[in-house]
Amino acid sequence: MNIDIRTAGAAAPDLDARADFCRELALSAGGVALDGFGRAEGFRMKGPQDFLTETDAAVERHVKRAIAEAFPDDAFLGEETGGSAGRDTWVVDPIDGTANFARGVPHFCVSIAFVRDGATEIGAICNPALGELHFARRGAGATRNGAAVRVAPTRDFASACVELGWSTRVPNARYVAALAALLDKGANVRRGGSGALALAWVADGRSDGYAEVHMNAWDCLAGLLLVAEAGGRVGPFLDLGGLADGGPVIAAAPGIAEGFAAATGLALAA
Ligand code: IPD
């Protein structure tokens, strides 16, 4: 893909190097994912509604190898091969939205986050089917294909479009209660099947909120940084131990954030 994605970053030479590397890596990994999508290779199931394709593994191999070559002392945590956190940790979902990918729906992405000392410093989400790269650096704003993005100015649930995520890790009743509360408020509630893209879309104002009762770190860290850097409100995912264990995810445009938190029963960071 040929996308112009360069933006200024905060002054910290080794983070600058990782930020440039991360942008390029998200794009090349998106290319690997798109090649696999074109081959329509089929899928197998890891569990109920938990899809796996050969491309998940191929993208993770590509990303893991590149990180090991460029930053051999950094830790790696990936959806398919696992790992554990260190002072500097790359957190990678090779394909978020695998259920879409596996069924031929072009709504999936590669999500890469870099975490240092408990804070997400860099986040990149590449949707290769749309040719879009969302990128954020802590303290330096959020971009889509190099142009600054901001969350939506929405203040009223009657014009709000939000998204809820669901997984078999949480009882259905919890999801249904949040859905009912949001519908009662008058929101339009979507479910797109890629939590990472859902967060990227809150950051760029296409959507007003995303919530899921439990997500893993690889699904959400890049997206949470994007929303925070785009002026949105997010939950305290890392402070609640989300890097190791996953946890609740909420992100929203400020004008509806309090109502969204009340409806979903998920807490926003102070
Ligand atoms: C899943 C997607 C889905 C979310 C799940 C995730 P995967 O990730 O983000 O939208 O609801 O919680 O596990 O399996 O496609 O990488």
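1. Ala, Val, Leu, Ile, Met, Phe, Trp, Tyr, Cys and Pro are counted here as nonpolar, Asp, Glu, Lys and Arg as charged, and the others, Gly among them, as polar. By that scheme the lining of the largest pocket divides into eight nonpolar, twelve polar and ten charged residues.

2. The model is a predicted one, in which local features need pLDDT of at least 70 and side-chain atom pairs count only at pLDDT 80 or more, while totals for chains, interfaces and linings use all residues. Residues are numbered from 1 along each chain as its sequence is written, and side-chain values use heavy atoms, with hydrogens and water left out.

3. Pockets and cavities are found on a 1 Å grid over the protein atoms alone: a cavity is a set of points where a 1.4 Å probe fits but cannot get out, a pocket is an open set with protein on both sides within 12 Å along at least five of seven lines, and lining residues have an atom within 4 Å of a point. Volumes are the space filled by probe spheres set on the points, which are joined across faces, edges and corners.

4. The largest pocket holds about 580 Å³ of space, and among its 30 lining residues Gln-49, Asp-50, Trp-166, Ser-167 and Arg-169 lie nearest its centre. The space taken by the ligand is this largest pocket, where a molecule is assigned to a pocket if more than half of its atoms lie within 2 Å of its grid points.

5. Oxygen atoms of the ligand lie 3.1 Å from a backbone N or O atom of Trp-166, 3.1 Å from a polar side-chain atom of Arg-169 and 3.3 Å from a polar side-chain atom of Asp-219. Taken alone the ligand exposes 380 Å², of which the protein buries 90%, the areas coming from the Shrake-Rupley method with a 1.4 Å probe.

6. One cavity of 30 Å³ or more is counted, and about 100 Å³ of space lies in the largest cavity. Its lining has 14 residues, with Gly-165, Trp-166, Tyr-175, Glu-212 and Val-213 nearest the centre, and β13 gives the most to that lining, with four residues.

Technical notes: A polar contact is a pair of N or O atoms within 3.5 Å; within protein, one must be able to donate a hydrogen and the other to accept it, and residues adjacent in sequence count only if both atoms are side-chain atoms. Helices (H or I, at least four residues) and strands (E, at least two) are DSSP runs, numbered from the N terminus.
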